[in-house]
Amino acid sequence: MIGISHYLVVSSALFSLGILGILTRRNAVNVLMGVELVLNSANVNLVAFSRFGSGNLQGQLFAVFVIVIAAAEVAVALAIVLTLYRLRRTPNLDEADILRG
Amino acid sequence: MSAEAAIFYVFAAITVFSGAVVVLARSLIYSAFALLFTFFGVAGLYVLLGADFLAATQLLIYVGGILVLLLFGVMLTHKLYDLDLRSEVTQFLPGIIVAAGLFAILSATALRTRWAVGPGRPPAVTTAEIGRLFMGQYLLPFEAASVLLLVALMGAAMIVRRRRDA
């Protein structure tokens with residue numbers, strides 16, 4: 001019988017992988033992929049609690065809002081990455097040190 | 001093992017394995033295509049959880065929109081003759097310690113806590129009810145989300161355009 005903890009373990013694995021990507025990658029686009037993994041794991045949690053919890057649809061509605069925020073986030077973040085690339089000719093985050101004193 | 005459990009384990013394996021490929025692959029293109037399979041796996045989990053509308057939304061927006069946008073980002077931030085598209089890894093050991101510790105803590109919490117499982121919601125068609133909730137009880141967040149999308153669209157266009165005067 002698949003219960004709620006199965007889904008929670010899968011989503012925590014996805015969350016940890018996303019955090020690993022955010023921490024260890026130099027390329028900004030790859031870091032954004034890690035952020036998408038984290039948002040997806042949060043969505044799995046919301047839908048799982050909506051399915052096994054009190055039985056209403058609020059978790060799924062929150063998941064829809066998370067998808068909206070993810071779309072807005074990735075659009076703005078890619079615009080920033082493209083501007084950085086135009087300015088410094090690199091997609092690597094540790095070379096974006098223009099503001100360093 | 002029931003059919004539901006078998007399907008769950010298949011989708012969970014697809015999701016976690018391709019998520020690991022996203023994080024660990026050497027090439028950015030491999031990461032992007034592994035992300036496609038991760039999104040498919042998560043959509044399968046949504047179907048298993050009885051969220052049919054959300055699974056379709058996941059495929060349409062993540063696979064059709066966000067993944068294509070990320071591929072544009074990959075292509076636009078590399079020179080065209082730069083074929084290998086390397087993505088270097090930095091501070092790997094601290095990162096993997098933090099991630100493994102997080103996974104241990106989170107999964108131990110998920111397994112040990114006695115979750116307040118309610119009556120649950122057996123899988124049923126959800127689209128009509130979601131639409132009714134959006135147009136009724138959740139109208140204000142719905143409109144705020146649409147304004148947010150508009151602002152993000154205009155902001156992205158403003159950030160990325162070439163300035164004539166500067």
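I began with helix α2 (residues 28–52) of chain A and helix α3 (residues 52–76) of chain B, whose axes come within 11 Å and cross at roughly 170°. The axes here are lines fitted to C-alpha atoms, for helices over the stretch in contact, and the angles run from 0 to 180 degrees between N-to-C directions. Helices (H or I, at least four residues) and strands (E, at least two) are DSSP runs, numbered from the N terminus. With angles under 35 degrees counted as roughly parallel, over 145 as roughly antiparallel, 65 to 115 as roughly perpendicular and the rest as oblique, α2(A) and α3(B) are therefore roughly antiparallel to each other.

I then listed the residues that make this contact: A:V29, A:L32, A:M33, A:E36 and A:V47 on α2(A), and B:L54, B:I66, B:L70, B:G73 and B:V74 on α3(B). Two residues are in contact if their C-beta atoms, placed from the backbone, lie within 7 Å. The residues of this contact divide into 8 nonpolar, 1 polar and 1 charged, where Ala, Val, Leu, Ile, Met, Phe, Trp, Tyr, Cys and Pro count as nonpolar, Asp, Glu, Lys and Arg as charged, and the others, Gly among them, as polar.

**Basis of the model**

I note that this is a predicted model, in which local features need pLDDT of at least 70 and side-chain atom pairs count only at pLDDT 80 or more, while totals for chains, interfaces and linings use all residues. Residues are numbered from 1 along each chain as its sequence is written, and chains are lettered from A and ligands numbered from 1 in the order in which they are written.

I looked up the confidence of chain A, where pLDDT (the predictor's confidence in each residue, from 0 to 100) averages 90, and 100% of the residues score at least 70. Within chain A, confidence is lowest in helix α3 (residues 58–88), at a mean of 91, and highest in helix α1 (residues 4–24), at 94.

I next took α2(A) against helix α2 (residues 28–48) of chain B, and found the two packed at an angle of about 5°, with their axes 11 Å apart. α2(A) and α2(B) are therefore roughly parallel to each other. On α2(A) the contact is made by A:V29, A:N30, A:M33, A:E36, A:L37, A:N40, A:V44 and A:V47, and on α2(B) by B:L28, B:S31, B:L35, B:T38, B:V42, B:L45 and B:Y46. I see these residues divide into 10 nonpolar, 4 polar and 1 charged.

**The interface as a whole**

I find 62 residues of chain A in contact with 68 residues of chain B. On the side of chain A that touches chain B, α1, α2 and α3 of chain A each give two or more residues, and the largest share, 20 residues, comes from α3(A). That side divides into 41 nonpolar, 16 polar and 5 charged residues.

**One glycine**

I returned to B:G73, which is placed in helix α3 of chain B. A residue is buried if 20 or more other C-beta atoms lie within 10 Å of its own, exposed if 12 or fewer, and partly exposed in between, with C-beta atoms placed from the backbone; B:G73, with 26 C-beta neighbours inside 10 Å, counts as buried. Leaving aside neighbours within four places in sequence, B:G73 is in contact with A:V29, A:L78 and A:V81.

**The chains one by one**

I count 3 helices and 0 strands in chain A. The radius of gyration of chain A, taken over C-alpha atoms, is 17 Å, well over the 13 Å that the globule rule (2.2 Å times the number of residues to the power 0.38) gives for 101 residues, so chain A is more spread out than a compact globule. The C-alpha trace of chain A spans about 55 × 25 × 20 Å along its principal axes, and 54% of its 101 residues count as buried.

For chain B I count 6 helices and 0 strands. Its radius of gyration is 20 Å, where a compact globule of 166 residues would have one near 15 Å, and buried residues make up 23% of the chain.

A:R89, in the segment after α3 of chain A, has a positive phi of about 60° although it is not a glycine, and is exposed, with 10 other C-beta atoms within 10 Å. B:Q91, in the loop between α3 and α4 (92–112) of chain B, likewise has a positive phi, of about 40°, without being a glycine.
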